[in-house]
Amino acid sequence: MTDDIEFLPAGRPEQLMVLLHGRGQDAAAMLPLARALRREFAYAALLLPQDLLPADGPAEDLVARVAAALPRLVRWVRDAQQRLGATPQSTALVGFGEGATMALEAASADDGIAGRVIAFGGGYAALPAQAPALTTLHFLHGDADARHPVAEARRTLEHLGVLHGDATLDIARGVGHEVHPALVDCAIHRLTHHIPHRTWREALGALPAAGSRQDDSVTD
């Protein structure tokens, strides 16, 4: 076990990024991703919590295990926002594998807890009945991911499109279940270039809601 890891800028952070590791990992596994994000977001606070995943158990019980673990994660994020003076809309939940599942489910359980969710190689425990109104979801997947097949990510994006959710999907060719540099580049591009639908609606008035269906293949 490791302790939580933090990278804090001098003064009040402009963004808060919470990096959630995958099953069988610890917080230190997210350090390469944290370093890449620090290079791009020098004034962000990066928090790498240790073990906020659901308890171990059979795959068929994942929904119940995730639901049991969510209140702790939501409290942890809200406490971090208060401690650092970070707003929910300046917060990004970034997860890998089951960490991605927890990030996605947190955005559904507490709509507005974060402005962005970055989900590497992971998906929902169960597809949501409605899309979060205040969170943009970015899915990043390898097309050779055997643990979370890319077909599941495509189905999730289609489902969110029907619900008028704001979501994107980037796929890296020849990449398996990993936080691959090609996908990290895609995540940074989404964080720096994607304008959420809610921002367009606020700027331009009442636009019809529409789900984002972007599927960009990249090479490794």
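Reader: Does Arg23 count as buried, partly exposed or exposed, and what is its relative accessibility?

Author: This is a predicted model, so treat each value as computed from it. Arg23 has 30% relative accessibility, so the residue counts as partly exposed. Buried means under 20%, and exposed means over 50%.

Reader: Which residue forms a salt bridge with Arg23?

Author: Look for a side-chain nitrogen of Lys or Arg within 4 Å of a carboxyl oxygen of Asp or Glu. Here Asp56 pairs with Arg23, and the closest N and O atoms are 2.7 Å apart. Asp56 is exposed, at 62% relative accessible area.

Reader: How many salt bridges does the structure hold?

Author: Five. One of them pairs Arg78 with Asp110, with the closest N and O atoms 3.1 Å apart. Arg78 is in helix H2 and Asp110 in the loop between H3 and E5, so this pair ties together parts 32 residues apart in sequence. Arg78 is partly exposed at 29% relative accessibility, whereas Asp110 is buried at 19%.

Reader: Are Asp170 and Arg190 buried or exposed?

Author: Both are buried. They form a salt bridge, with the closest N and O atoms 2.7 Å apart. Asp170 lies in strand E7 (residues 167–172) and Arg190 in helix H5, 20 residues apart.

Reader: How are two packed helices described?

Author: Use the angle between their axes and the distance between the axes. Take helix H2 (residues 62–84) and helix H3 (residues 98–109). They pack at about 70°, with axes 9 Å apart. Angles of 65 to 115 degrees count as roughly perpendicular, and H2 and H3 are therefore roughly perpendicular to each other.

Reader: Which residues make the contact between H2 and H3?

Author: H2 supplies Leu62, Val66, Ala69, Leu70, Leu73 and Val74. H3 supplies Glu98, Thr101, Met102, Glu105, Ala106 and Ala109. Sort them by class: nine are nonpolar, one is polar and two are charged.

Reader: Now helix H1. Which of its residues are buried?

Author: In H1 (residues 31–40), Leu31, Leu33, Ala34, Ala36 and Leu37 are buried. Next, ask what covers them. The cover includes strands E1 (5–7), E2 (15–20), E3 (44–48), E4 (91–96) and E5 (116–120), along with helix H5 (181–193).

Reader: Where is His148 found?

Author: His148 is in the loop between strand E6 (136–142) and helix H4 (150–162). His148 is buried, with a relative accessible area of 19%. Leaving out residues up to four places away in sequence, His148 touches Gly97, Gly121, Gly122, Gly123, His141 and His177.

Reader: How many helices and strands does the protein chain have?

Author: Six helices and eight strands. Along the sequence, their order is β-β-α-β-α-β-α-β-β-α-β-α-α-β.

Reader: What share of the 220 residues counts as buried?

Author: The share is 51%. Finish with the contacts. Among those with a separation of 6 or more, 70% are between residues 24 or more positions apart.

Conventions:
Residues are numbered from 1 along each chain as its sequence is written. This is a predicted model: local features need pLDDT of at least 70, side-chain atom pairs count only at pLDDT 80 or more; totals for chains, interfaces and linings use all residues. Side-chain values use heavy atoms; hydrogens and water are left out. Axes are lines fitted to C-alpha atoms, for helices over the stretch in contact, and angles run from 0 to 180 degrees between N-to-C directions. Helices (H or I, at least four residues) and strands (E, at least two) are DSSP runs, numbered from the N terminus. Angles under 35 degrees count as roughly parallel, over 145 as roughly antiparallel, 65 to 115 as roughly perpendicular and the rest as oblique. Contact means heavy atoms within 4.5 Å. Ala, Val, Leu, Ile, Met, Phe, Trp, Tyr, Cys and Pro count as nonpolar, Asp, Glu, Lys and Arg as charged, and the others, Gly among them, as polar. Buried means under 20% relative accessible area, exposed over 50%, partly exposed in between (1.4 Å probe, protein chains only).
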